[in-house]
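Please look over the structure below.

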Amino acid sequence: MINISDSATKLNSLNRRMFILATAKIIILGGIVSRLFFLQVKENKKYLTLSDKNRIREWKLPPIRGEFKDYFGNTIAGNFEAYQLHIIPEEIEDFRYVIYRVKELLELSEKQFKKILRKKNEIKPWETLIVADNLSWEKFSKINNHLYDLNGVKPVISISRDYPYKENFTHVLGYVSQANENDLLTNENIKEKFVPGLKVGKTGLEKSFEKKLIGSNSVERYEVNAYGRRISQLAFQKGDKGETIKLTVDTKIQELTNELLKEKAGSICIMDIYTGAIIAMHSSPSFDPNAFVFGISQDEWQLIRNNPMKPLVNKSLSGNYSPGSTIKPIVALSALENEIITPDFTVQCKGHKNPLELYGQTYHCWKKEGHGFVNLRGAMKQSCDTYFYEVARRLGVDRLSDTAKKFGLGEKVFRDIFDNEKRGLVPNTEWKKNALGRNWVLGETIITGIGQGFIQTTPIQLCLMTAQIANGGYKIYPKIVANDDIEYLDKFTPLYKKARNIKIVQDAMFSSTNEIRGTSYRSRLDDPKYQFAGKTGTSQVKKITERDRELDLKTFEIPYEERDHALYIAFGPYINPRYALSIIIEHGGSGGTVAAPLAKELFKMIIDRHEIRKNYDNKKYLDI
Amino acid sequence: MYQHTRFNNKNNFFQKFGNLDYVLLICLLILGFISLATMYSTDGGAVLFHTRSHFIKFVIFFSMMIVISLINIKFWFSLGYLSYGIILGMLIWTINFGITASGSKRWIDLYFLNIQPSELMKIFIILCLAKYFHRMKAQHVNSFYAICFSLIIIFVPMSLVIIQPDLGTSLLIAISGIVVLWFAGLNHKYFFYSCLFSIISLPIVISLLKPYQKLRVLTFLNPDRDPLGAGYQIIQSKIAVGSGGITGKGFLKGTQSYLEFLPEKHTDFIFTLYSEEFGFIGSVLLLLIYSIIIYRVIRIGALSRSYFAKLFCYSFGTSIFIYIVINMSMVLGLLPIVGSPLPIMSYGGSSMLATMIGFGIVMSAKTHSQQSIA
């Protein structure tokens with residue numbers, strides 16, 4: 001009996017406790033359900049986003065770069081299809097075998113081979129290993145023929161920069177190369193579009209117009225797993241190609257300038273005197289920018305860097321030269337404008353025996369025998385230094401510098417388009433006081449009158465100066481991008497006081513080229529269609545000593561670094577002028593013998609091409 | 001009289017079949033089917049190793065459960081101490097000759113299968129304690145001797161599992177044992193005091209934990225502490241469940257698991273995958289099936305005549321409930337991560353074997369509900 005009551009107590013307690021627990025269980029179950037509800041219904045959106053963030057990853061592809069065209073629509077910097085070889089290591093069964101096979105087929109050197117193996121170790125096995133980035137067609141087809149043997153090797157065609165005219169446009173366009181850390185830091189735009197292998201402009205217009213050229217990335221959206229491996233492509237968003245930029249340059253003329261400057265260090269700039277359009281601008285020696293696209297080899301780079309003719313410097317824009325006698329038209333103009341002289345003002349040049357003497361300093365004319373009595377026209381024609389010493393002395397440096405600045409010297413011609421452009425220097429008394437802390441001395445004025453001393457100009461400035469004299473003395477703004485339609489308020493405002501003064505200077509330049517005893521008489525073109533007017537210049541690199549004067553050495557007898565720079569500025573045709581140019585040959589010798597003959601070649605072509613250019617403007621070619 | 005009994009006995013076999021709890025059986029079959037489908041999904045929509053193995057195990061163990069259910073509950077009652085002793089022996093064997101995997105010795109090699117005795121202990125400790133308390137008079141339950149003895153029964157296997165080391169399973173073994181003590185009528189104040197004691201001693205226990213276990217606790221408190229390391233599992237699991245939404249992403253379309261963001265998706269985190277693919281509705285449905293199963297188990301207990309059967313059914317039902325709650329709370333970020341499988345759903349032979357033995361004994365209690373045990 002006891003037993004029964006005992007088991008009854010036990011059962012009672014058991015059932016009671018079961019009831020308590022059952023209640024607790026229901027509460028706990030409710031808790032779990034509410035947690036599920038919270039996660040799956042209330043917070044669903046948040047977790048769905050997180051899940052998508054987990055599984056979807058975007059891959060940016062390199063954007064396709066915009067092209068550069070010349071005035072006639074020829075591509076001067078384009079894109080080409082580079083043949084590349086990609087390998088995804090994990091997709092290959094026997095990596096060692098394949099890579100040795102590839103090495104054999106491509107005839108890779110030990111060094112290149114080691115570099116590839118090192119690269120392979122740096123990446124994840126499912127990432128792409130670029131074995132070769134720019135294969136020749138022969139090697140590419142060789143690989144394609146052996147594909148049966150090379151499981152997992154992918155021949156790929158990728159878009160890359162190409163400069164079909166090689167060294168011709170190097171200094172205008174610059175070049176592209178792999179974006180480096182510095183590019184990313186300084187340019188937000190590059191940073192935003194960066195992908196490994198992205199190539200960006202390093203110098204020249206490629207750099208200045210980076211924002212327009214770069215284009216936008218294509219985006220591939222992939223579903224990835226937890227380890228980052230791509231599972232499937234979800235979307236492909238095609239990017240836009242960068243803008244195509246049309247330049248004002250004429251490839252034919254540019255090629256001629258390159259031809260003419262071959263083996264020389266120097267620059268040629270050619271400009272339309274009304275529109276300011278740059279027809280050609282070349283700096284020599286140049287180099288092939290294609291070498292930089294896939295990274296230049298150390299040896300090649302050293303060769304370019306250590307070349308004494310400095311191929312890396314764009315001499316047209318960043319070469320500061322003493323203008324020498326090419327400044328004389330401005331000196332003459334300034335003197336006429338300020339009514340210091342009349343065209344009939346005459347000075348006697350007595351040659352080396354009787355140099356101009358001032359405060360114990362002597363100032364020689366370049367001609368030993370002297371020019372005798374010369375007026376303005378005669379002095380310009382024969383480039384008489386004595387005459388201009390006298391004119392400069394009377395004029396004073398401040399008035400001269402005003403005129404020079406008006407005509408574009410001492411200031412950047414392209415404003416901010418080229419980051420390597422130099423300002424040059426047009427000195428005046430105030431400048432010297434501020435910069436050097438000393439007073440201006442008269443002797444400095446006198447040598448400034450023949451373009452020596454402090455005065456420094458870039459070839460493009462000289463070209464602009466000539467253009468503004470040639471167009472009758474009106475202000476123009478040079479441009480190199482064809483559809484650059486910035487409206488300058490002071491465009492075509494006269495830079496002169498009396499139009500007649502410009503005419504006098506033009507006529508004097510005419511005589512220098514086209515009349516007997518003119519400094520560039522031998523380079524003249526007699527046909528009025530091509531006839532041009534110019535001014536030679538020979539700028540000293542080193543002060544001429546008495547000993548030098550006695551020796552009177554020929555150019556080739558002097559060490560290269562001490563030879564004079566040869567300069568020439570000109571415009572043509574003389575009747576109805578249209579184009580102006582400036583030529584400088586570094587250490588070339590005298591302007592008349594070295595620089596001026598190039599102008600002859602150039603003007604023939606420039607004026608022939610003018611018709612074509614005009615017709616192209618009128619779209620006659622398009623109508624045919 | 002003798003003949004009558006024999007006739008009865010013959011009839012008894014079919015009667016036993018008729019007496020099986022078919023609701024429970026069907027629920028278990030549905031659960032098995034769901035678990036197979038989920039396993040199929042973890043294999044990426046193909047019948048691979050896990051699915052095949054899970055299927056084979058389910059079929060074998062389910063049949064075994066039916067066999068067990070046909071054997072008299074008296075037999076299981078008599079086996080109570082012996083089976084406990086055998087498993088204890090296996091645990092000791094494990095410590096010496098066990099198979100080491102991922103840093104702990106949990107398995108023993110029985111040549112035809114690897115078995116995890118700690119999982120079996122979760123069931124057999126209930127059997128053992130139920131037998132112990134069945135014999136005891138009500139007034140003796142709270143005696144010092146009884147409490148000490150039962151605590152030793154719990155503590156020995158628990159400590160053997162802890163040194164494997166496997167904190168999760170040892171906790172589950174302890175919980176199973178404590179559940180039996182609770183049902184046996186141990187005074188409430190003991191539970192209250194021991195709760196109080198464990199809360200006070202918690203800092204000391206934490207200081208004794210292994211570094212990875214400490215990390216788990218810390219990570220639970222703040223999963224964003226180390227999102228790619230220790231917090232990764234919780235975060236990814238929550239993302240998977242949360243992104244499932246009301247209706248889920250669809251069968252075989254769970255991106256989190258398919259793309260391998262989910263850790264341990266075959267075992268402890270199987271519910272995450274299920275919940276991602278079938279959503280809130282599916283999850284509640286699964287909970288409902290589990291609830292029915294537990295309800296049926298408890299109902300069988302309630303209908304049983306013997307105290308042993310009642311005690312076993314109640315304790316087993318409650319233990320299963322606790323396993324489910326711990327597993328789900330873990331994947332839903334409500335509890336720190338301790339290794340605890342979801343009964344039947346998770347991949348793992350020993351766990352399923354233990355669970356099925358448990359259900360078998362429950363079913364045996366059903367078929368022999370009129371059986372009283374002396």
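In chain A of this predicted model, strands S1(A) and S8(A) run antiparallel and are joined by 5 bridges. Strands and helices are DSSP runs (E, at least two residues, for strands; H or I, at least four residues, for helices), numbered from the N terminus. Two strands count as paired if DSSP finds at least two bridges between them.

**Sheet**
- A:Arg57 stands opposite A:Tyr222 in S8(A).
- The open sheet has 3 strands in the order S1-S8-S9 (chain A), with antiparallel pairing.
- Strand S1 (56–60) and strand S9 (230–237) of chain A are at the edges with a single partner strand each, so one side of each has no neighbour in the sheet.

**Contact between chains**
- In chain A, 36 residues are in contact with 36 residues of chain B (C-beta atoms, placed from the backbone, within 7 Å).
- H1(A) gives the largest share of the side of chain A that touches chain B, 21 residues.

**Nonpolar cores**
- A nonpolar core is a set of buried Ala, Val, Leu, Ile, Met, Phe, Trp, Tyr and Cys residues joined through C-beta atoms within 7 Å; buried means 20 or more other C-beta atoms within 10 Å of a residue's own.
- In the largest nonpolar core, of 109 residues, A:Ile270, A:Met271 and A:Leu581 touch the most other members.
- Domain 1 (59–246) and domain 2 (251–285 + 314–620) of chain A both give residues to this core, so it lies between them; the domain bounds come from an automatic or database domain assignment.

**Conventions**
- Residues are numbered from 1 along each chain as its sequence is written, and chains are lettered from A and ligands numbered from 1 in the order in which they are written.
- Local features need pLDDT of at least 70 and side-chain atom pairs count only at pLDDT 80 or more, while totals for chains, interfaces and linings use all residues.

Notes: Contact = placed C-beta atoms within 7 Å. Buried ≥ 20, exposed ≤ 12 C-beta atoms within 10 Å, placed from the backbone.
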